[in-house]
Amino acid sequence: MTQLRADRPDRLGCVLVSPNPQPAVEVSGLVKRYGSKTAVDGLDLVQQPGTVLALLGPNGAGKTTTVEICEGFRKADDGSVRVLGLPAGTEELRPRIGVMPQGGGGYPGIRAEEMLNLVAACAKNPLDPKWLIDVLGLGGAVRTPYKRLSGGQQQRLSLACALIGRPELVFLDEPTAGMDPQARRLVWDLVAALKDDGVSVLLTTHLMDEAESLADDVVIIDEGRVVAQGSPAELTANRPDDQQLRFRARPGLDTTLLSAALPEGLKVREVTRGAYVVEGLIDPQVVSTVTSWCAQQGVLAEELTVAKRSLEDVFLELTGRELRS
Amino acid sequence: MTTFAPGTFKPSPGRGSLPRMLFVHARTEAMLTLRNGEQILLTVLIPLALLVALALMSVIPMPEPRVGSATARIFALAIISSAFTGQAIALGFDRRYGVLKRLSASALPRWLLVAGRVCGALVVVALQIAMLAVTALVLGWRFPLSGLPWVVLLIVLGTLTFGALGVLLGGSLRADVVLALANIIWFVLLMVGGVALSVPVGFVHLLPSAALAQALETSVVHGTAPGVGPVAVLVAWGVVAGALATRTTKLT
């Protein structure tokens with residue numbers, strides 16, 4: 001990942017003048033163990049201020065542990081974590097950051113607006129709780145106690161709690177988990193608005209489309225380590241011969257036969273049951289060969305697409321595992 | 001697509017004023033307790049019913065004036081119900097629903113998280129005692145006013161001690177385990193812990209329940225200062241429970 005960093009004059013030859021030169025989040029060599037299990041294993045990342053960074057990885061990759069160390073909920077076993085230029089967990093950081101813990105949080109018997117009023121009272125210049133309740137579509141559940149809100153509603157209330165204090169940096173741990181498509185869309189719009197207003201956003205997700213559409217930078221982690229990082233465009237950048245033809249058909253086709261029918265240098269794999277991918281330089285002749293080979297096998301090639309790599313492919317290549325595990 | 005006016009989320013961070021945070025937090029805690037039907041049953045209705053029963057029926061032997069002793073003992077029970085059982089159960093479920101973590105992530109200082117709960121509990125206890133006192137007066141209780149400062153002091157001390165014990169229980173175990181244990185302990189303390197009647201067994205006097213009931217009886221019935229012994233027992237339990245609770249209480 002190439003990044004121009006104001007605090008690295010050695011690389012640039014001069015110091016860039018910036019109103020907010022400190023990284024929003026700077027993690028280096030982070031290690032966290034739970035008993036004999038190493039959850040985070042030497043993780044490094046830097047988030048520039050005013051950007052959206054997505055921590056992408058399967059469940060159990062170490063995303064939440066990393067974020068909770070940044071938020072000050074957990075202590076690192078090794079390495080350094082600085083947030084807005086201060087060590088993570090520093091008391092004076094708390095008013096400056098907004099936190100949406102995974103799964104939300106609220107008194108079981110409290111109503112959404114009461115919860116939001118309580119969190120608003122902790123801030124100097126809070127947003128208007130009533131307005132935020134409406135924006136997040138919780139206006140229809142004003143008398144419902146927290147424990148009877150749906151998972152998605154609890155998530156939206158938690159997001160409201162994270163934003164109400166007008167923070168400089170927001171941590172969103174799986175912000176769209178349990179949300180319906182409209183609510184997800186709304187969260188995406190909110191994240192975009194936060195970024196436009198100069199708020200830094202660090203979010204975790206295991207949805208690659210979320211990372212792809214929201215993030216300036218994506219850090220893919222697996223088993224507590226960074227396996228790739230860069231902008232979504234950088235991560236999915238195509239070399240000319242790095243294309244894919246994907247199709248679905250009956251599971252268990254003999255891919256070696258298809259390989260033999262195709263020109264040299266093309267690879268054929270059955271990625272998951274019935275999902276096939278041909279990788280290499282895809283030209284019209286290749287498409288024709290694949291469809292006629294399928295016709296010979298007496299199968300219909302469905303959902304046939306020619307595409308560049310997605311973040312999911314990148315992840316799969318790097319880890320050999322599905323993102324949504 | 002939802003759009004927002006530019007500058008809507010422009011950062012303007014800062015911590016709210018401490019008195020206001022404390023006020024809103026304590027008000028929230030008290031309001032949630034008063035809205036919870038099971039809590040009202042435990043903290044108001046059962047003590048009220050027992051007060052009437054103890055004052056009017058002579059099934060349980062009790063020193064005269066009967067209504068005075070009954071009032072003192074039911075004050076103790078009300079404090080135990082609210083500060084110990086109610087607080088433990090509320091904390092157990094608050095943890096399950098992640099509210100401690102949620103609030104710890106806000107600008108609310110940790111000490112205020114405790115202070116707000118304590119103030120909320122004191123408000124609830126004050127309301128309980130007021131209701132019980134009015135009922136007792138109707139039943140013929142005559143309160144020697146010289147005991148008022150001591151009664152207030154004992155109510156605060158009892159709330160803090162049993163609150164610390166409630167946090168110790170509710171802060172570390174699973175919510176359903178807390179629910180069961182807190183109710184069982186409440187019942188045991190009521191019956192044989194020196195609350196409903198004084199139990200003439202040595203170690204019972206070392207229980208905080210017996211100490212609180214005995215101390216309150218002195219001040220409520222005779223209007224005099226409680227003995228040093230029961231107060232020392234209450235303080236000791238409170239300090240030990242508080243110290244342990246700071247180590248064992250978990251956010252979730």
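Start with the hairpin. β1(A) and β2(A) form one with two residues between them, and A:Gly35 in that turn has a positive phi of about 60 degrees. Helices (H or I, at least four residues) and strands (E, at least two) are DSSP runs, numbered from the N terminus. This is a predicted model: local features need pLDDT of at least 70, side-chain atom pairs count only at pLDDT 80 or more, and totals for chains, interfaces and linings use all residues. Residues are numbered from 1 along each chain as its sequence is written, with chains lettered from A and ligands numbered from 1 in the order in which they are written.

Back to the strands. β1 (residues 25-34) and β2 (residues 37-47) of chain A run antiparallel, joined by eight bridges. Pairing here takes at least two DSSP bridges between two strands. A:Leu30 stands opposite A:Leu43 in β2(A). β1(A) also pairs with β4 (residues 78-83) of chain A, antiparallel, over five bridges. There, A:Ser28 has A:Ser80 as its bridge partner.

Next, the open sheet in chain A. Six strands, mixed pairing, order β6-β7-β8-β3-β9-β10. β6 (97-100) and β10 (225-230) are the edge strands, each pairing on one side only. The twist averages 15 degrees from one strand to the next. Angles run from 0 to 180 degrees between N-to-C directions, and axes are lines fitted to C-alpha atoms, for helices over the stretch in contact.

β6(A) pairs with β7 (residues 169-173) of chain A in the parallel sense, over four bridges. A:Gly98 faces A:Val170 in β7(A). What lies across β6 and β7 of chain A? α5(A), running at about 170 degrees to β6(A). α6(A) packs on the sheet too, touching β3 (52-56), β7 and β8 (200-205) of chain A. Contact means C-beta atoms, placed from the backbone, within 7 Å.

Now the interface. Chain A gives 39 residues and chain B gives 33. On the chain A side, α3 (112-121), α5 (151-163) and α6 (181-196) each supply at least two residues. That side divides into 19 nonpolar, nine polar and eleven charged. Nonpolar is Ala, Val, Leu, Ile, Met, Phe, Trp, Tyr, Cys and Pro; charged is Asp, Glu, Lys and Arg; the others, Gly among them, are polar.

Last, chain B. Helices α5 (residues 110-138) and α6 (residues 148-170) of chain B pack at about 130 degrees, axes 10 Å apart. That makes α5(B) oblique to α6(B). The cut-offs: under 35 degrees is roughly parallel, over 145 roughly antiparallel, 65 to 115 roughly perpendicular, the rest oblique.

Technical notes
Contact = placed C-beta atoms within 7 Å.
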